[in-house]
Amino acid sequence: DITKFYRIQQVDLSFTRVVGQLTADWKGCCRLLRSLRLQNSSVQFAPVGKDFGDLTTFSMAFPEVILPNLRYLDLTNCPVNSPAKNLLLPLAMCKRLTFLMASGSGVFGAMPQLKEGIIYASDGRRRDDFTFPMATRLLLLDLSYNNVSWLSDLPVLTGAGRMLFRENHQIKLSPGLLARALEKHIILDLRGTKLSNEEEALQLLQEGQLQTTDMYAYRDEIAGYTCKDVVSTIVQVTSSRFLPETLCKCLPGWHGHGATCQVCPANKFSDEMGLGTCKSCPANSTAPEGSTKLAHCKCDFGNLHNGTCSCDKHHALIKGDCVLCSKLHLQCNTSGVSASSALPEISFTRLQRSAEEAHRCLPPGELERCPGNHQCGLGYDGTLCATCAAGFWAKAGRCRPCAEMNSTSIWYAVFLGVAALVVAAFLAYRHVFLPRQVAPPVSVKSLLQKLITLQAPVLLQMVQLWSVLSRLGRSSSSPSGGSSQSLPEVPYLEALQLTTTELQNSLNLQCAFNAETVRMLAALSSPVAPLLLLACCAALELYRAGFGVSMALKTLTLLFIGGASSASELLSCQSVDGDGESLGDFAFRKAIRHLRCSETDGVAFWVDMVGYSSALAYGVLIPLFLVGLMVRQYFALQEARLFYASAEGGTPQHVTLRLQTLHGQLPEEALPKRLLAAVAAHMAVHCRGKWLVQLQDGYISATSSGGEEIPADHLDLMKVVADAKTSRNIDVLRSRRVAEMLTERIMLEEAKDRWLIGSQALLCKYMLCQDVWMHLVMKLFAVALVSCVSMSDAWKWAIAFSLGMAVLVGACQPYMWPQVSQLQSLSCFCLALASLAFVYDCAWLARIALLAPVLLLLWQVLSPDCTEALAERLYQELQLELPKFQRGEGHEVIVQQLRFGRGRGRDDLRGRGRLE
């Protein structure tokens, strides 16, 4: 019993079977004991139960200290098997304890607070921030190979202390403890110990307070990982336990994350460090477990070439074996070629795609037909390249291009792309950035822009139909060989039909891709694409009333002729060859040349379905849609036709207008706008110069304050041949029509019907909304032209339809702007000339027919205004002054049409120009 030796100073019971532990009897004994060596003995040492309570009840008033002179305590490999607090707290008041070793002694749990511990003051109050004497003197605390779980402080001497916690299973450090260890130069040995909280360690690495080696210095071949070492004499760690995800990577041949790695299974390999999953060997190859590179994968046939198992040069893969390519008539100038993908030899081709051997092509021109590529030669297609690809025709057993892809067509495609971008940018700028005014200033320039906006669809329709009629020159039924073949502009203008077929023809996609597939898809989608867009417009109608109808009408303007023409061509058959001889049962469809006309099943069935369905849509359903629009506007705008304005006052300098109704009574709130429309129409037809307009109860008056002579308007043949009285009557009737036109515009602005809202732009294009029948007739005219092109004697029907349409438009003058009616009439007449030109191979006449409408448009530019546009501007200005009129005040306007070269310096005008 050591407690009996009061003056003992050193005790060494190492490697003995001595047993025992601290008890309350140790109080006051062994005050001179300085060294206690108990390593590898059977001493438990740490008190338990009541003894632990007696030895750890500290008071500053009665500081009873056991072993007050103890400097060295070694409990290495002793069976302490107690919580860390049971070992340390009884010794906490030791003022001279310098070395405490308890490695491998079964200590577990959290380390007690020795620098901010609990003690009771002399007045009995509890203190929670007391630093025990042991924490100020301890140089070495060794608790390695234990199971300490929590470390809250550093109870060793600052600048010289060492704390060893090696090979503790898992330990959690209080926040900031690592940083304090670095700051106070306290050695903290955590080698072999796993951290529970890695956040602070990661932060110290990122801030550079902890540094690592540049290379992966440690390598564990058994576990399959390698790590960077932490370079620090203060914090000593094992990288694979400290920060494995950050500092470690799996070795080649292994996969996983950090230091948790598994060997790659068979038929997989890992050729670099840190792979989460192993890479699979190429198909038809095997590799042993733990393979570290692609070369370990051994092929079942051939060898590895570019990462795949394939045959060597001059050999091709066929049915799992490598065969000499010369036996298969294939070119195998490189390794890694399969029989299904190798190029055929010159003069040979495959009977079908991916066939494993090639066959010789038929003469003549087998070298031209089969140049040794995957595809036939330029212009050839079909079995053994015996037929011509889309866009090519046969002549003397060879195929000749109908539209070659040269530098001109490339620049044309670039021009179209740039033009489309410019137009899109302009429209975006116009709708997004330009401020919108209620009544924007009117100038010659703005009028010209509006006129060209109305004329552009007419010119586009004319060009589209002109390109359709160019097929007359390519028909074997025409009296001549055809002029279209001598006109290089034909394929470019055909692109303006805006169909997918013309798109692929312009870009020559048949040469870049499979001609048969491209032509079939383009032919099928050309008539369907506009219909799909119309269906999308129906969906847009759900978004906003009238929006879908408006977009549908714009879509028809751009795509109707191209879609109708594509539907007609899809159903047409080419029954003769290039020389005009009958093909019999081998006749093929013009749009899809690999399909014979006699076929009715499979793809041919669906082609017929698409063709006839599209023809029904373009020839019946779309016209019925326009008929419905005509009927809707007829009933909705009847009110505009039930009243008229009568003029009172017999002098040219003053006129008074009253409204007379044919049936019913006009609502009181609608009367002012109707009177303004009537006076605007009257002044536009009969008056020029300055006029004072006044609105009274039930009537409106206009008084001249400086009149001018009315200049001649656009050519009116009726007034040319009529006498003075008849001419005045013509002006009166025109004034009534203009007033009715303005009234319809008013009703359209107030309309709630989604059909009228959506079709407002279309209806306002015509003089009267009921003239929209002309839109229907133009669509039927286009259908008639594209249909008759494929008929026998088609050119005669084309001439008849075109001349009839020219006379009809010229006689009815249905458009609001006379310039548009003139352009439409001339365009139809030029289509008749173009029909003759194409049939009789007269290229100059075809070009004249194409350019004449453009020349007319340029001439009309000099005089972009008209009476109807003047009336519309006058009404818009007077409507803005309606509150002024209702207060009984008058308003002076200047009534004059705008022309180039007139009114220079006054470009910001309304009415004439300007309304004052």
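A residue is called buried when its relative accessible area is under 20%, exposed when it is over 50%, and partly exposed in between (1.4 Å probe, protein chains only). Cysteine 227 counts as buried because its relative accessibility is 1%. The structure is a predicted model, in which local features need pLDDT of at least 70 and side-chain atom pairs count only at pLDDT 80 or more, while totals for chains, interfaces and linings use all residues. Residues are numbered from 1 along each chain as its sequence is written, and side-chain values use heavy atoms, with hydrogens and water left out.

Now for the sulfur pairs. A search through the whole structure turns up seven disulfides, a disulfide being a pair of cysteine sulfur atoms within 2.5 Å. One of them pairs cysteine 227 with cysteine 248, and here the sulfur atoms sit 1.9 Å apart. The pair links distant parts of the chain, with cysteine 227 in strand S16 (residues 225-227) and cysteine 248 in strand S19 (residues 248-250), 21 residues apart. Strands (E, at least two residues) and helices (H or I, at least four) are DSSP runs, numbered from the N terminus. The torsion about this S-S bond is about 105°, so the disulfide of cysteine 227 and cysteine 248 is right-handed. Cysteine 248 is buried, as its relative accessible area is 3%.

Next along comes the disulfide that joins cysteine 264 to cysteine 278, with an S to S distance of 1.9 Å. Cysteine 264 is found in the loop between strand S21 (260-263) and strand S22 (268-269), and cysteine 278 in the loop between S22 and strand S23 (279-280); these distant parts of the chain are 14 residues apart. With a torsion of about -85° about the S-S bond, the disulfide of cysteine 264 and cysteine 278 is left-handed. Both of these cysteines are buried.

Cysteine 281 and cysteine 297 make another disulfide, their sulfur atoms 2.0 Å apart. Cysteine 281 lies in the loop between S23 and strand S24 (285-286), and cysteine 297 in the loop between S24 and strand S25 (298-299), so the pair ties together parts 16 residues apart in sequence. The torsion here is about -65°, so the disulfide of cysteine 281 and cysteine 297 is left-handed. Cysteine 281 and cysteine 297 are both buried.

Cysteine 769 is buried, with a relative accessible area of 0%. For cysteine 828, the closest cysteine sulfur belongs to cysteine 830, and at 9.3 Å it is too far for a bond.
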